[in-house]
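Please open the structure in your viewer and keep the selection tool at hand.

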Amino acid sequence: QMSYVGPGGEYTQETNYKYVGAGRGEFEVVQKTKDFTCYFVGGGVALAVIILVIVLILIIPGPVVSTTTTYYTHPPSQPYDCNAG
């Protein structure tokens, strides 16, 4: 891929590119750089979702469980006897 690099390149622009010698042209063949932006954005979004899920799990309360203990100040009464006269 040809790219404009300014004075000092190895090619000059014509109908076609013509090699004019090292440092005498304005264009040069350059390697395309890899762009990792989508990986960083995707990783950031995934990390944010994971953190959000963990926070929601910790914030939302579970079922409320309570125990009750009854203390008698006098003994409980006997159950009603239907057969007693």
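Begin by selecting Phe 27, which lies in strand β4, residues 25-29. The model on display is a predicted one, and its confidence is considered at a later stop.

**First stop: Phe 27**

Is Phe 27 buried or exposed? Its relative accessible area is 10%, and the limit for a buried residue is under 20%, so Phe 27 counts as buried. Now display the residues around Phe 27. Beyond its neighbours within four places in sequence, Phe 27 is in contact with Ser 3, Tyr 4 and Val 5, and also with Gly 9, Glu 10, Tyr 11, Thr 12, Gln 13 and Tyr 17. Ser 3 and Phe 27 are separated by 24 residues in sequence, yet by 5.8 Å in space.

**Second stop: Ala 22**

Next, select Ala 22, in the loop that runs between β3 (17-19) and β4. With a relative accessibility of 58%, Ala 22 is classed as exposed, because the limit for that class is over 50%. Which residues does Ala 22 touch, if those up to four places away in sequence are not counted? They are Gly 9 and Glu 10.

Now show the side chains of Phe 36 and Tyr 39. How many aromatic pairs does a search of the whole structure find? The search finds one. In this pair, the ring centres of Phe 36 and Tyr 39 are 6.0 Å apart and the ring planes meet at 35°, so the arrangement is tilted.

Proceed to Ser 77, in the segment after α1. Ser 77 is exposed, with a relative accessible area of 68%. Select Ile 50 together with Ser 77 and compare their positions. The two residues are 27 apart in sequence, and their C-alpha atoms are 58 Å apart in space.

**Fifth stop: the whole chain**

Four strands and one helix are present, and along the sequence they follow the pattern β-β-β-β-α. The radius of gyration is 41 Å, well over the 12 Å that the globule rule gives for 85 residues, so the protein is more spread out than a compact globule. Along its principal axes, the C-alpha trace spans about 125 × 25 × 10 Å. Buried residues, such as Phe 27, make up 6% of the 85 residues. The protein exposes about 8200 Å², of which carbon and sulfur atoms supply 61%.

**Last stop: confidence**

Finally, colour the model by pLDDT. The mean for the protein is 82, and 91% of the residues reach 70 or more. Where is the confidence lowest, and where is it highest? The lowest mean, 75, belongs to strand β2 (residues 11-13), and the highest, 94, to helix α1 (residues 37-59). Where pLDDT is low, the predicted coordinates should not be read in detail.

Conventions: Residues are numbered from 1 along each chain as its sequence is written. This is a predicted model: local features need pLDDT of at least 70, side-chain atom pairs count only at pLDDT 80 or more; totals for chains, interfaces and linings use all residues. Side-chain values use heavy atoms; hydrogens and water are left out. pLDDT is the predictor's confidence in each residue, from 0 to 100. Helices (H or I, at least four residues) and strands (E, at least two) are DSSP runs, numbered from the N terminus. Buried means under 20% relative accessible area, exposed over 50%, partly exposed in between (1.4 Å probe, protein chains only). Contact means heavy atoms within 4.5 Å. Rings of Phe, Tyr and Trp (its six-membered ring) pair if their centres lie within 6.5 Å; planes under 30 degrees apart count as stacked, over 60 as edge-to-face and the rest as tilted. The radius of gyration is taken over C-alpha atoms; the globule rule is 2.2 Å times the number of residues to the power 0.38. Accessible areas come from the Shrake-Rupley method with a 1.4 Å probe; for residues, only the protein chains shown count as cover.
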